[in-house]
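Please look through the model below before reading on.

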2 protein chains.
Amino acid sequence: MKYDIVVIGGGAGGFTACLEAKRLYPDKSVLMIRRDEHTLIPCAIPYIAGALGGDLNKDILPDSPLKDSGVEILIDEVVKIDRESKTVETKNGKVIGYDKLILALGSTSIIPKSLQTDLENVFIMNKSYNYVKKLIEVIKESDKIVVVGGGVAGVEFTDDMIRLGKNISIVEILPNILLLNLDEEFASIAADKLKEAGVKLYTNTSVTGYIGEGGRVKGVKLSNGMVLDADMVLITIGVKPNSGLAAEAGLKIAENGAIEVDEYMRTSDPNIYAIGDCALKRDIFTGSPAPYLLASVAAYEARIAVENLYGVKSVKPFKGIIPVLLTTIRGLCFGAAGLTESTAKRYGIEYVKETHETVDIHPGTLTTPNKITMKMLFSSKNYRLLGVQAVGGKSISELINLLAFAISRGVNIYDLHMLPYGTQPYLTASPIAYPVPNIASKILKRIFSSN
Amino acid sequence: MKYDIVVIGGGAGGFTACLEAKRLYPDKSVLMIRRDEHTLIPCAIPYIAGALGGDLNKDILPDSPLKDSGVEILIDEVVKIDRESKTVETKNGKVIGYDKLILALGSTSIIPKSLQTDLENVFIMNKSYNYVKKLIEVIKESDKIVVVGGGVAGVEFTDDMIRLGKNISIVEILPNILLLNLDEEFASIAADKLKEAGVKLYTNTSVTGYIGEGGRVKGVKLSNGMVLDADMVLITIGVKPNSGLAAEAGLKIAENGAIEVDEYMRTSDPNIYAIGDCALKRDIFTGSPAPYLLASVAAYEARIAVENLYGVKSVKPFKGIIPVLLTTIRGLCFGAAGLTESTAKRYGIEYVKETHETVDIHPGTLTTPNKITMKMLFSSKNYRLLGVQAVGGKSISELINLLAFAISRGVNIYDLHMLPYGTQPYLTASPIAYPVPNIASKILKRIFSSN
């Protein structure tokens with residue numbers, strides 16, 4: 001059995017790679033190998049218990065687009081890659097040849113030793129169907145829920161479980177939730193929204209152990225000495241790249257455990273590509289390895305890999321990832337792209353910043369407006385756009401994507417001051433108050449006054 | 001009386017220019033001269049009768065931001081510019097000196113001879129406070145309303161008046177409404193929405209005359225021989241630049257009647273700038289004069305003018321306008337940026353096109369999704385992005401702004417295929433189905449197969 005293109009993994013990266021491969025090379029045979037019969041749409045797993053009514057089948061990536069485009073699917077687990085013979089070997093004993101191999105192996109939840117336990121009802125963010133099925137059942141039965149880790153996943157689960165009337169506590173080791181994606185002033189707006197809804201936040205706090213009863217979790221012990229009652233615990237601390245298979249095949253692995261890839265997603269073997277959570281990400285500004293493990297990144301890495309699968313076509317090398325956070329908490333929307341103040345400081349990048357507030361309609365009397373607060377960071381010497389954060393209504397999402405694109409194009413303050421844009425009373429801020437050029441002009445004011 | 005910077009006009013362009021001038025040059029004195037005591041926010045005039053409850057005062061540009069930043073305001077009309085003495089003369093006999101003069105004179109509704117009448121209750125799109133006040137009163141009293149011209153203004157008035165239960169007919173000389181901004185397949189979705197709401201559309205039709213009674217309009221005669229009953233008529237055919245004052249002062253006027261400006265919004269007099277509807281617009285692709293008279297354009301032209309008021313600062317010349325349409329009809333949102341198929345044909349620009357359909361959330365089971373349909377045009381030889389049109393939910397608006405920005409940066413299909421973007425279940429299409437890179441990959445498929 002041999003295929004022109006074999007893709008290992010059925011998530012956002014693997015799925016996109018298969019569709020893209022059949023689109024760009026309709027004559028090539030394409031095989032997807034994945035472990036799960038059904039792949040859950042990863043981004044919406046936090047919303048299954050509440051918004052999706054507990055029905056996992058409402059969150060399935062359908063196979064029909066794959067099948068319709070001629071992709072074959074094998075439900076099996078690859079246990080070995082033989083680069084010499086250009087074959088992969090599966091758990092069920094199949095040996096499958098490839099001409100080009102795309103690794104979309106995903107990531108696995110991190111669970112530190114101190115949090116490992118045999119107690120029932122302690123969950124991590126494992127995305128496999130049966131694991132999530134059990135998780136959802138236990139969420140439904142539980143009243144007191146402790147979420148360990150106030151990152152995006154933990155906060156989105158919390159937002160959904162609030163609707164189910166659960167008593168939720170978040171335990172976060174940092175001074176606030178979401179601080180890996182947002183600066184404090186935005187994180188605190190999110191935290192206040194959760195607190196208003198009755199969520200208890202324990203920041204600067206870690207979990208030191210569990211209390212069990214009859215083999216089930218009954219509580220968690222905190223570093224501040226408190227004990228929280230718990231019918232269940234959900235650990236959303238972070239994830240690590242699945243690179244074991246690649247390492248065993250002798251592919252180059254980066255220090256942070258991700259599979260090394262070049263500007264076209266090629267691994268150290270020219271016939272093997274890696275995309276998504278398992279592949280090394282580099283920050284666009286510094287080139288440093290960075291933990292930007294997002295489904296959207298997996299999808300565009302898939303497109304880059306497939307475009308350049310049979311020789312480099314785009315020629316324009318992919319320079320690195322711009323992290324984009326989009327989330328919604330109690331109906332309020334948060335977005336961020338590029339560097340925050342804390343990441344800029346960590347990288348040693350000097351910046352200037354400005355903030356602008358407006359509303360997302362004009363005039364504000366037309367319907368109920370959402371307040372928009374936007375902050376942007378620019379390099380303090382050459383005024384290149386470094387990052388943006390915003391809170392507001394739903395229009396924030398594509399506005400952040402606009403600015404992620406602007407970051408990728410290396411724009412500076414002069415470019416943003418003359419940004420072309422359209423406005424409409426029901427759909428956007430006013431022409432005068434549109435946030436991006438206003439922030440640019442506030443920075444320009446400083447530049448002009450310093451000369 | 002002398003000011004460093006004098007701005008004539010209080011609309012989106014003049015207002016932004018004044019704020020921007022005080023921001024970038026806080027030590028300069030800035031005077032706004034405008035005719036109206038109260039300036040209506042022009043974009044929302046169509047929504048005063050219905051959504052704003054008939055209250056004009058809910059659609060006023062507030063003077064407080066101007067006053068707070070130190071801008072002085074003179075309610076008067078400039079009747080002469082004397083370039084020799086660098087002064088302007090007003091109707092009330094004031095003579096005011098300037099160092100730099102910014103013309104934001106706006107535009108006036110076009111009303112062809114054949115549509116001119118002395119009958120009452122025939123209105124044009126005059127934006128002055130008292131004119132609009134009368135217009136709103138008559139809309140309220142009227143039952144049968146004929147809108148002449150199915151462009152954006154006419155359609156937005158119609159959308160608002162539907163809420164008031166009016167019997168509305170639109171008479172449009174072209175084969176469909178909105179054809180100056182959208183291609184037929186998008187225009188027809190808009191037309192269907194209006195028809196569903198009971199609006200009668202007469203396309204390929206013009207008004208040939210009126211029927212009056214007691215000095216008031218009672219009906220209109222159509223080119224197809226029909227007569228429509230009418231309690232009022234609203235003519236929204238188009239506008240022409242207000243350049244009379246500039247012409248009398250000897251400034252260079254373009255063939256289409258707009259004030260000639262260079263890449264930094266300078267007129268033929270280096271101390272006089274022109275912005276907004278009165279200033280010449282050039283299409284970004286062809287450099288041809290183009291009728292892109294939009295409040296958002298006025299605002300960013302204001303920023304360009306002010307930035308470069310005392311010597312060229314941005315150095316990057318402004319290359320031309322990308323027209324951006326954003327509108328909403330019966331809750332459905334329409335957007336367009338750059339060239340449509342018909343404008344591309346008119347300019348003789350060869351293009352290829354592709355369409356993608358998706359929904360604005362993922363999975364589609366999460367809440368009620370809005371279907372997004374997006375079409376993009378690319379140059380058929382170098383695959384530069386030429387234009388985009390979309391219909392969908394509200395997120396269309398900033399997505400269109402993203403693509404307007406992409407057009408301004410001269411991106412091609414390879415850039416869009418590897419577009420960086422973020423996704424979130426409640427806020428965007430899925431990573432796999434996100435429309436922009438999917439359209440790019442459909443075009444790539446053709447490029448790859450042709451080699």
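In chain B, β9(B), helix α4 (residues 152–163) and β10(B) form a right-handed β-α-β unit. Right-handed here means that, with the strands pointing away from the viewer, the path from the first strand over the helix to the second runs clockwise. Helices (H or I, at least four residues) and strands (E, at least two) are DSSP runs, numbered from the N terminus. This is a predicted model, in which local features need pLDDT of at least 70 and side-chain atom pairs count only at pLDDT 80 or more, while totals for chains, interfaces and linings use all residues. Residues are numbered from 1 along each chain as its sequence is written, and chains are lettered from A and ligands numbered from 1 in the order in which they are written.

Which strands pair with β9(B)? Strands count as paired if DSSP finds at least two bridges between them. Strand β10 (residues 167–171) of chain B runs parallel to β9(B) and is joined to it by five bridges; V148(B) has V171(B) as its bridge partner there. Strand β15 (residues 232–235) of chain B is also parallel to β9(B), with four bridges, and in it V233(B) is the bridge partner of V146(B). Four of the five residues of β9(B) (residues 144–148) are buried, so this strand is largely enclosed by the rest of the structure. Buried means that 20 or more other C-beta atoms, placed from the backbone, lie within 10 Å of the residue's own.

Chain A has eleven helices and 22 strands. Its radius of gyration, taken over C-alpha atoms, is 23 Å, close to the 22 Å from the globule rule for 451 residues, so chain A is as compact as a globular protein of that length. The rule is 2.2 Å times the number of residues to the power 0.38. Of the 451 residues of chain A, 53% are buried. An automatic or database domain assignment divides chain A into domain 1 (2–108 + 240–307), domain 2 (111–237) and domain 3 (331–449). The C-alpha centres of domain 1 and domain 3 of chain A are 34 Å apart.

Finally, the two chains meet: 72 residues of chain A are in contact with 71 residues of chain B, contact meaning C-beta atoms, placed from the backbone, within 7 Å. Elements of chain A that each supply at least two residues to the side touching chain B include α1 (12–24), α7 (295–307) and α11 (435–449). α9(A) gives the most, with ten residues.

Key:
Buried ≥ 20, exposed ≤ 12 C-beta atoms within 10 Å, placed from the backbone.
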